[in-house]
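Let's take a walk through a protein model together. Have a look at the picture first, and then we'll go through it piece by piece.

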Amino acid sequence: MPTVYNWQLGRPMSYPYEESHPSWQFAFVFNINRCIACQTCTMACKSTWTFSRGQEYMFWNNVETKPFGGYPHNWDAKLLNMLEQANPGGQKWRAVDPTHEAPYGRFDGKTIFEAVQNHYDKQGPKRALGYLPTDDEWNAPNRHEETATGELGLHGDWGGSAQLPEHRVWYFYLQRLCNHCTYPGCLAACPRGAIYKRPEDGIVLIDQSRCHGYRKCVEACPYKKAMYRTTTQTSEKCVGCYPRIEGRDPLISPNGEPAETRCMTSCPGRIRLQGLVQVDSNGKWKADRWNPLYYLIRERRIALPLYPQFGTEPNGYYIPPRWVPRPYLIQMFGPGVEHAIEQYACPDRDLLAVLQLFRTTQQIIFRYEVEKGPKVAEIEITMPDGSLRTQEIYNDTVIGYNRFNVEVVRTTVEEPTFERPAELHVNSI
Ligand code: SF4
Ligand code: SF4
């Protein structure tokens, strides 16, 4: 098998195809801390793309409650178990000094591609470790919603169970869609060559005219985001709302400006920011400190990939929830968790400004600028390790620009407030 470089693992890895990369890559950051599980994103996607016969069970975007929820049921626990069985005791990270090529450390275990080396099935060599969910596992997409886990306190009660840095009783919402992976499992496994990654934006699509419904992609996608449709006998998946990315929605993009997807733009929790990052021919992200996604993911490492150890180099990134026990988060997001939470607990001036950009415009922000404002507050923060830190808050203005360098948003760190004159509004308080 050829060797490719996976920066999320901090090492080269085996993959069925040679390196080949788009010029821009679709990517997104989700701030788990802010999600209210309203499922607006889920329904925005469903009402746009999967409302037809044969698609009833399809949720290209879903929001599940961890640790028990999952769609299909137990998708992640099942694959983690399979990887452990393939490499008992070996699925481990090694700490190394963070570099651009290995920002989280080095993963010494086996990816879904490496776990099946020299394995064969009826069709020939296996391309990726995976499984086909049963019909039952595709039932009840929101099973275990808001089901918590945890322990009683010392005195046998639940008192004080929700105190930082880690709640004793906890759950959190995990928002999921296709990660438009750099090394997609679905694409690797397709015997028809029906799955391709677009060179202009890295969106992964299934060519419906080539697909014969073998479901190899459903089996091999570790995130279970390729789905089989019985009415057409083909597989389907998230299309990254590519007409919007191409700037073809006449209402949002009158001049062809790239716009964010439906699930992103509908989010009332303002947890989502999606965009495009520039990639070179070796797959390296081009350094661009003024691209908000580059800044959050590569510069500040506040947003982390979901199960990077699977090896597909997913392009969805998550700001981890502050209150969740760290061992659970580390198995899910890798060793970058402590660093990410520390930054989120007390964001500095630059970070606070960029965090304001979430859900301020439907057009994709390619560049931002910050205009300095006055200092408006000082807050004492208890950090996750118990130390105290003083956060200084400045009312800076952050400005976002679209692909054509036109200003599309201007907002301040402090939300503006309006006081209504009491003599005009009897209900004013
Ligand atoms: S729309 Fe936003 S807040 Fe609501 S469930 Fe989706 S990600 Fe969470
Ligand atoms: S998340 Fe799954 S369906 Fe999407 S690109 Fe990655 S492997 Fe393919």
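Take the contacts in the chain between residues at least 6 apart in sequence: 63% of them join residues at least 24 apart. Here, two residues are in contact if their C-beta atoms, placed from the backbone, lie within 7 Å. Keep in mind that this is a predicted model, where local features need pLDDT of at least 70, side-chain atom pairs count only at pLDDT 80 or more, and totals for chains, interfaces and linings use all residues. Residues are numbered from 1 along each chain as its sequence is written, while chains are lettered from A and ligands numbered from 1 in the order in which they are written.

What is the chain built from? It has 10 helices and 23 strands, counted as DSSP runs (H or I, at least four residues, for helices; E, at least two, for strands) and numbered from the N terminus. Of its 429 residues, 42% count as buried, meaning that 20 or more other C-beta atoms, placed from the backbone, lie within 10 Å of the residue's own.

Now zoom in on helix α9, residues 337-345. Its buried residues are Val 337, Ala 340, Ile 341 and Tyr 344. They sit on the same side of α9 because they cover an arc of only 95° around the axis, taken from the directions from the helix axis to the C-beta atoms. Among what covers them are β17, β18 and α8.

Finally, the ligands. Ligand 1 has 15 residues around it, with Cys 35, Cys 38, Cys 41, Cys 267 and Gly 269 coming nearest; a residue counts if its C-beta atom, placed from the backbone, lies within 6 Å.

Notes: A residue is buried if 20 or more other C-beta atoms lie within 10 Å of its own, exposed if 12 or fewer, and partly exposed in between; C-beta atoms are placed from the backbone.
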